[in-house]
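Please read the following walk through one model with the structure open beside the text. It takes up aromatic rings, then a helix, then a sheet.

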Amino acid sequence: MSYRLFGRFSVFFFVVALTTPVIGGNSKSNPFAQKKTAEALKIFEPPKIDGVLDDACWENARVADDFIQYAPYNGKPATLPTEVRILYDDKALYIGAMMYDPYPDSIYTELGKRDADRNIKADNFNVDINPFHDGVNGLTFKVSASGVQTDIKRSNAGRHGRDLNWDAVWYSAVKINDKGWVAEIKIPYSAIRFPKQTEPVWGINFWREIRRYQEYSSWNYVNREVGSSFNYMGNLVGIKSIDPPLRLSITPYVSGYLENHSDNHSWGTSYNGGLDLRYGINEGFTLDMTLIPDFGQVQSDDVVLNLSPFEIKYNEKRQFFTEGTELFNKGGIFYSRRIGSRPTRYNKAGDNLPATETVIDNPSETQLINATKVSGRNKHGLGIGVFNAVTSKMHAVIEDTETGKRRNVETQPYANYSLFVLDQSLKNNSFVSLVNTNVLRFAPRDEDNYTANVTATDFSLKNRNNLYSVSGQAALSQKYYDSLPAELGHRVFLRLGKTGGIFRAEYQTEMMSDTYDPNDMGFLRRNNYISNQVQFSYNMYKPKGIILSSRNELQFEYSKIYAPRVYSGFTASFNSFTRFTNYWYAGVNIGGAPFGRDDYFEPRVQGRYFHTDPGYLLSGWIATNRNKAVSTRIRARYGKEISDYGKYAAGFSISPTVRLNNRFQLSHDFSYDSRHNDIGYVGRNADKDSVFFGMRLNKSISNTLSASYVFTKDIYLTFRLRHYWSKVDYNGTYYLLELDGQLSKTKDFAGTRDINYNAFNIDMSYIWRFAPGSEMSLVWKNSIYNSGNNVTLGFMNNLTETLRAPQVNSFSLKILYYLDYQSLKRNES
């Protein structure tokens, strides 16, 4: 298939997409298209937040009711009635909700840790609120019938639409009575941002989940076929002339660590202290700062063996960098784990040392000194974000083994990381953004310590009924050196089509130069490619027979290398997801590369490529009803390359979960993956003319055991153990990569490349949230990382050897306390 033919097909597809009849999007024929309006009542004596709506102020508040189902029967009246009332004063917004239920003893009330969201078996009530009413951004405050709080920052822009790491300080109480259950909520203005207006109209919606019916209903109708829930907010009026108090809080912390290294039987202690500061510059903008942060208690990464030429991306778990970062994720050029990552010259610390010297200490993480972010949105819908972080100079310690003298070798200079973003909300839930990142290292600008700058734009434009859209990104990366020419690279991405309704069709294209590199402050697995993709999907939102809903997608992709402009691959895939009336879920994926691929990355030499033959991949999964005491999820996959090498891959996973009661939960995730007769890069000669590949068997087994016990909604114990084992067994057959991408057997490659890799981690934590925004955490972390070349061991012998390997045990106690200026002021008076 030629690139020109694919381009013509894409144009034909888009014409078809634009002329597809609109399904379910005509507001004139939709009785729910009109936004509802709720009115807040001004009060001067706040209600007591106790889960009982008996305060006099609730009696005069207007009722918001007549909820409408979102699922399973979108558009039908909710099964059970719900009534919501809204109050406000100069300090907070108050919401009282009465969820009627004729069978109060059937209300699900499983306990869970904070921000459990959908992972606990409990009925829920939540408030979606957007003071800017732009249909793009907003906040969710959710409380379960068991009192567990969840708060989420929401955005319709990009892939980071749900920020569960954002934690606000707000108050709630719930109570089950003979009529159902009550949720009473207080949201201080310090938890939200809003434009300064005399009589604003905020966006608001209320949701109720009846877990035993798997029913979600909302006050203002939300059409599942078009857009997201934040496009369908109702109006909140009545809030007049708010005089919000000063928003200022600090959260100081102290922490202590006791650490044991088994290889030298040493014990060490350390103590830390610092603070987080939050200051409301005005109603719409907030400054957040962390000074001398401590991230030692974050959960261990799920490290895997990487045989590919690409970097593996691990999730950010440090709270300051995960909280309220929706603005900073615009443009796709910010990856916060670059800040405080491995020093730039970590791997060069031992280069060119005399025979008598050795590296005795080489820190693998850069010390963060401070980080600051300012973000918010004004009354015109313009979002502004500024981020800055400073990291310390790092050194490796070199020791002379004869004299005992030690010296330091710099592995990274002081560095400054900054980001600036402008994001303008537009009508029809659209937006346009401009983003810039910069990394400045305070040292001569050489191949390791250059200055890096990336500028990007990001936009999404939708028509009035949100059925059609065009979105895209463009970016320019720049690297500057003292004695080398500057390096410039670019990326362009465009997507357009019918993105709402039952039938959807999209076309997207992306071009990335071979010099585009945002990785000093962003993350990019690979560059140097051109991709064209068409996608058709059919989604069923109305129940039919045993099917509650389904999503089905057909996709074709044609890709080329940017430099040189040559064919890389063509793939086709079909994906389907189905939810059944018994609340089971199932999915299937069928994909293939019918013409094979030319892989320009596996050889690790520019301009060389490895041709793979046609192949296919089949996978499927099924998940049982999560409301049951015992539930499970099973996956299976099989792939095969149609070639003389006999290459195939197979794997499966099973993840049972047992809820022993409303407090205690156990789960086990087991996965097994194998690649038979796999062929991959093993090395090259000094002049890089000869690139060698080897045939191998790669097997990986992962076991993760998780347990949690919730004493109360504010006190819980969690335990997580993970053992990952991967071994690579080369069968002695090696190949020379020819210039035409084919392989020929060779005996010129000597040596073994067998790998036996193990990662064993335990993370156990006891958390006590003893006051709003304050907590004490006691954590035990155990880590073992062991790599060798003995691939003959069975599972139990390998596990035994792993547990005998050097390991680190860390015990830590951390206490942080939230101090709010207004609370301190009231206490003084």
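A search of the whole structure, which is a predicted model, finds 38 aromatic pairs. Rings of Phe, Tyr and Trp (its six-membered ring) pair if their centres lie within 6.5 Å; planes under 30 degrees apart count as stacked, over 60 as edge-to-face and the rest as tilted. F295 and F321 are a tilted pair, because their ring centres are 6.0 Å apart and their planes stand at 55 degrees. This pair links distant parts of the chain, 26 residues apart: F295 lies in the loop between β18 (285-291) and α3 (319-322), and F321 lies in helix α3. Helices (H or I, at least four residues) and strands (E, at least two) are DSSP runs, numbered from the N terminus. F295 is partly exposed, at a relative accessible area of 22%, whereas F321 is buried at 4%. Buried means under 20% relative accessible area, exposed over 50%, and partly exposed in between (1.4 Å probe, protein chains only). One aromatic cluster is formed by F295, F320, F321, F328, F334 and F387.

Y734 and F749 also make a tilted pair, since their ring centres are 4.8 Å apart and their planes are at 45 degrees. Y734 is in strand β43 and F749 in the loop between β44 (743-746) and β45, 15 residues apart. Y734 is buried at 7% relative accessibility, and F749 is buried with a relative accessible area of 12%.

Strand β43 (715-737) leads on to helix α4, whose buried residues pack against β43, β45 (755-771) and β46 (774-788). A contact here means heavy atoms within 4.5 Å. Helix α4 covers residues 795-804, with N798, L799 and T802 buried. Seen down the axis of α4, the buried residues fall within an arc of 100 degrees, so they line one face of the helix; the arc is that of the directions from the helix axis to the C-beta atoms. M796, N797 and R804, on the other side of α4, are exposed.

Elsewhere, three strands make an open antiparallel sheet in the order β19-β22-β23. Two strands pair if DSSP finds at least two bridges between them. β19 (357-361) and β23 (406-412) are the edge strands, each pairing on one side only. Strand β22 (residues 394-400) pairs with β23 over six bridges, and V397 stands opposite N408 in β23.

Residues are numbered from 1 along each chain as its sequence is written, and side-chain values use heavy atoms, leaving out hydrogens and water. Local features need pLDDT of at least 70, and side-chain atom pairs count only at pLDDT 80 or more, while totals for chains, interfaces and linings use all residues.
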